[in-house]
Every structure is written in C-alpha cells, then in structure tokens.
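Please open the model in your viewer and keep the selection tool at hand. The tour below goes from one selection to the next and says what is found at each stop.

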Amino acid sequence: MTMWHIDNQCPQCGADTSLEETQRLFTCPFCRVKLYITVDDFFRYFLTPSACSVEDAVFIPYWRLKGMLFTYDGAAVRAKLIDVSHNATKLDFMPSSLGLRSQTLRLRFVSPETKGTFLEPARSHSEIISMQEEFTDEQSPPPLPEAAFIGESVSMIYSPVFTRNRVARDGILGEEIATLQEGTEKALTESGGEATGTMHFIPSLCPDCGWDMDGDPESVALTCGNCGSVWAASSNEFEKVPCYFLPGGDDGLWYLPFWKMAAEVGGIRLVSRADAVRFFNLPKAVRNEWEEIPFPWLAPAFKIHPELYMRVAERMTFISSMPDLKNDLPGKSFIYPITLPLKDAFETLRMILARSAASRRDMTSLFPSVSFTLKTAGLVYWPFHLSGTELIRPDRQLSIQVNALKWGKKI
Ligand SMILES: [Zn+2]
Ligand SMILES: [Zn+2]
C-alpha cells in the first residue's frame with residue numbers, strides 16, 4: 001500500500017509538522033498538544049504548485065480510494081485491497097490517475113482559505129469504485145450490482161494546472177499537458193469555485209473526566225484510562241461508545257476490539273441464536289433456549305487484510321454464543337487500538353452473510369432484497385494469548401499473526 005505524507009502546521013504553536021495519510025491523532029513534537037483530526041465529509045488535499053502561483057492554479061480533483069473492497073457476484077464473495085487515485089472530472093486531457101506522483105510530492109490540507117480555482121468533481125467516488133470491480137476472470141458470471149468499499153479512506157487530492165494561450169500546463173513541473181479547444185480554457189478557469197472542506201481539530205480529552213485519552217495515530221476511537229470509557233470521533237465531537245470485555249484471567253493478554261452489532265435483516269429471519277444455527281447450518285443442534293438468545297454479529301474494529309477480516313468475523317460470530325461480558329475497559333492488559341469505525345464494520349455484514357449462508361443458490365436470489373438495519377452496537381474487547389508471533393484464541397479457532405495487525409494499520 002502506498003502511504004502519502006501531508007505537511008501541516010500545528011494549530012496550536014504553528015510549527016511545521018508532517019502527518020501520515022492514515023493518521024487521525026496528531027501529537028505535535030514541539031508543543032506536545034494532542035489533537036484529533038476530523039472532517040465533515042472526506043479529507044481534501046492539494047499538491048502545492050511550483051510552476052505557477054497558487055492563485056493562478058486550477059485544481060483538478062482526483063478521488064483517492066484506499067481500503068478493503070468486497071464484491072459478491074452471486075457465486076462467491078471476493079475481497080481485495082484497493083489503492084487508487086482517479087480523475088474525478090470528465091476532462092480527458094488530464095491523466096486518469098495521479099500515478100506515483102503524490103508519493104514523491106508533499107500534500108497539504110485544503111481549507112476554505114486556500115487560494116486558487118477548485119473544479120467540482122463530475123464523477124462520484126462510487127463510479128470509480130465500480131470501475132475497480134470488473135472481474136478479470138472472463139469465466140466469472142457478471143457481478144451483481146453489489147460491492148462494499150470499507151476503510152474510511154475516500155479522500156480527494158487536487159492536482160494543479162495552469163493555462164497560458166490555450167495551453168494547459170502542469171502546475172508542478174510546468175510541462176505542457178494539452179492544447180485546449182477554444183472555450184475549454186475559459187471553461188477551465190471560469191467554471192471552478194473556491195476551496196471547500198472544513199477540518200476540525202478536537203483536543204483528545206475525555207469528555208466525561210477531562211483525562212488525556214489514549215490511542216494510536218490511526219485510531220478512530222480513543223480510550224480513557226481514567227474512567228474506562230471509549231469515545232468515537234464523529235464530525236466535530238466525541239461520542240461515547242458502550243464498551244465491554246471478556247475477562248481473560250491473567251495479565252499479559254492482548255485485548256482486540258470487536259464491534260458487537262445487533263441488526264434487523266430484512267427478508268431473512270435472523271433474530272435469535274437458533275435462527276442463526278438454522279440459516280447458516282452451523283454444526284450444532286438447536287436447543288430450545290436458543291430461540292430466546294439474541295444473535296449478535298462480531299466484526300473486527302481494526303483493519304486487517306480483507307480476506308482475514310471476513311474469516312475472523314465469521315469465527316467470532318458463528319463459533320459459539322456470546323459469553324457473559326463485563327461492562328468496562330479491560331485493565332492492566334495491552335489494549336489494541338480501534339482503527340475501523342462502526343459504520344465500516346456494519347457494511348461488511350452483508351458480505352459475511354452472503355459468504356456464510358448455507359444455501360448458495362437461495363442466497364443468490366435473496367441477496368438483492370436483503371437489507372440490514374443496525375439496532376444496537378457496542379465495543380467488545382476479546383482477550384488473545386500471545387504465542388510466539390501469533391495471537392491465539394482457541395475457543396474461536398483463531399490465530400492472527402501480530403504482523404498482520406501491524407500491516408493492517410496502513411490500509
Ligand atoms: Zn505545536
Ligand atoms: Zn474519562
């Protein structure tokens with residue numbers, strides 16, 4: 001996966017600092033202020049022009065998509081990583097992607113104060129996603145119009161151009177890109193608007209007790225070591241997340257976070273544990289009391305390779321019913337950061353359903369009408385034992401490489 005860097009001034013002391021693309025929690029190396037960065041919709045960056053002034057630049061939008069892509073074609077669920085940029089306009093004289101350019105150049109955040117002309121995107125990011133879905137295998141059936149793109153990773157990168165005498169030039173190298181048709185130059189410089197996009201820098205203090213909260217740079221929710229609460233960032237504030245853990249017994253465990261979700265599934269009876277055993281044909285005999293036990297989904301609240309993500313979610317959800325949980329953060333042990341938001345985990349449920357259904361044929365016809373409504377959600381920390389380079393959870397038949405977690409943070 002590619003990783004881009006963003007230059008940014010510390011909002012408190014003004015020092016020049018640098019962030020990684022997946023970074024949300026910013027700690028200033030100079031004044032030590034710790035801030036959580038959010039946006040209303042998606043992050044917007046621009047490449048700084050060097051062949052023209054910012055005022056003269058016309059910024060061409062490119063969608064940047066990086067994350068997990070799940071597709072279901074009626075036969076199988078496929079999972080892959082995507083890592084692309086694509087021209088968001090219909091100006092075909094511009095390169096279709098940014099290629100490797102932005103890895104070598106630095107990005108900056110766009111703010112309403114950024115000068116220059118900003119073109120509006122003419123394609124939605126879902127249009128770009130559907131281009132990524134095309135199956136390379138000629139034999140496979142045409143895909144159902146069904147894909148889930150996960151990873152909190154839609155952003156926009158603006159690349160500068162400028163025009164002189166009907167020639168469009170690259171705003172960074174000054175090279176000629178195209179001779180423009182009459183009218184196009186005018187359209188280019190006059191159709192654009194001003195920069196938009198509002199960013200928020202929220203102090204990472206616990207809204208309940210004022211304690212400095214913990215998290216990794218990539219965290220999408222922070223934990224309070226003082227009052228034991230967990231807070232997920234919404235657009236410009238923190239929202240409290242109900243939090244539980246499965247007591248593990250001894251110290252030195254790794255607690256991995258999972259989103260526990262109860263969902264209403266339209267078109268399928270999937271309310272109780274007994275319903276789940278029947279629908280997924282789990283190798284268990286239904287006991288009477290299971291008709292009354294609710295069926296929750298458990299999907300990782302951390303990023304990992306999408307194939308592994310589905311396998312872990314399946315094992316956590318289906319292998320056995322939910323044990324008794326304690327209402328708190330686990331103390332003393334290592335708590336793994338939350339790097340995947342609830343809404344993304346929730347979107348994978350359709351794909352987990354399709355992959356795990358007992359009858360593939362029924363699923364193919366049912367799938368287009370299946371709808372998921374989230375009823376309740378919370379975070380559950382599950383203890384794993386570290387054995388060599390693996391995290392083990394025998395009761396869920398799971399082992400996860402520590403390296404797979406480390407690697408997943410950069411998705
Ligand atoms: Zn600072
Ligand atoms: Zn607190």
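Which residues in α5 meet which residues in α7? Met-310, Ala-313, Glu-314 and Phe-318 in α5 are in contact with Met-351, Ile-352, Arg-355 and Ser-356 in α7, where contact means that the C-beta atoms of two residues, placed from the backbone, lie within 7 Å. The residues of this contact divide into five nonpolar, one polar and two charged, with Ala, Val, Leu, Ile, Met, Phe, Trp, Tyr, Cys and Pro counted as nonpolar, Asp, Glu, Lys and Arg as charged, and the others, Gly among them, as polar.

Before going on, note that this is a predicted model, in which local features need pLDDT of at least 70 and side-chain atom pairs count only at pLDDT 80 or more, while totals for chains, interfaces and linings use all residues. Residues are numbered from 1 along each chain as its sequence is written, and chains are lettered from A and ligands numbered from 1 in the order in which they are written.

Now select residues 306-318, helix α5, together with residues 349-356, helix α7, whose axes come within 10 Å and cross at roughly 75°. That makes α5 roughly perpendicular to α7, a term used for angles of 65 to 115 degrees. The axes are lines fitted to C-alpha atoms, for helices over the stretch in contact, and angles run from 0 to 180 degrees between N-to-C directions. Helices (H or I, at least four residues) and strands (E, at least two) are DSSP runs, numbered from the N terminus.

Next, select the open sheet of three strands, which has the order β3-β4-β14 and antiparallel pairing; two strands pair if DSSP finds at least two bridges between them. Its edge strands, β3 (25-27) and β14 (199-203), each pair on one side only. Strand β4 (residues 34-39) is joined to β14 over five bridges in the antiparallel sense, and Leu-35 stands opposite Pro-203 in β14.

Then move to Met-68, which lies in strand β6 (residues 58-72). Is Met-68 buried or exposed? Met-68 counts as buried because it has 27 C-beta neighbours inside 10 Å, the cut-off being 20 or more other C-beta atoms within 10 Å of its own.

Finally, show the whole chain, whose secondary structure comes to nine helices and 24 strands. Buried residues make up 36% of its 411 residues.

Note on methods
Angles under 35 degrees count as roughly parallel, over 145 as roughly antiparallel, 65 to 115 as roughly perpendicular and the rest as oblique. A residue is buried if 20 or more other C-beta atoms lie within 10 Å of its own, exposed if 12 or fewer, and partly exposed in between; C-beta atoms are placed from the backbone.
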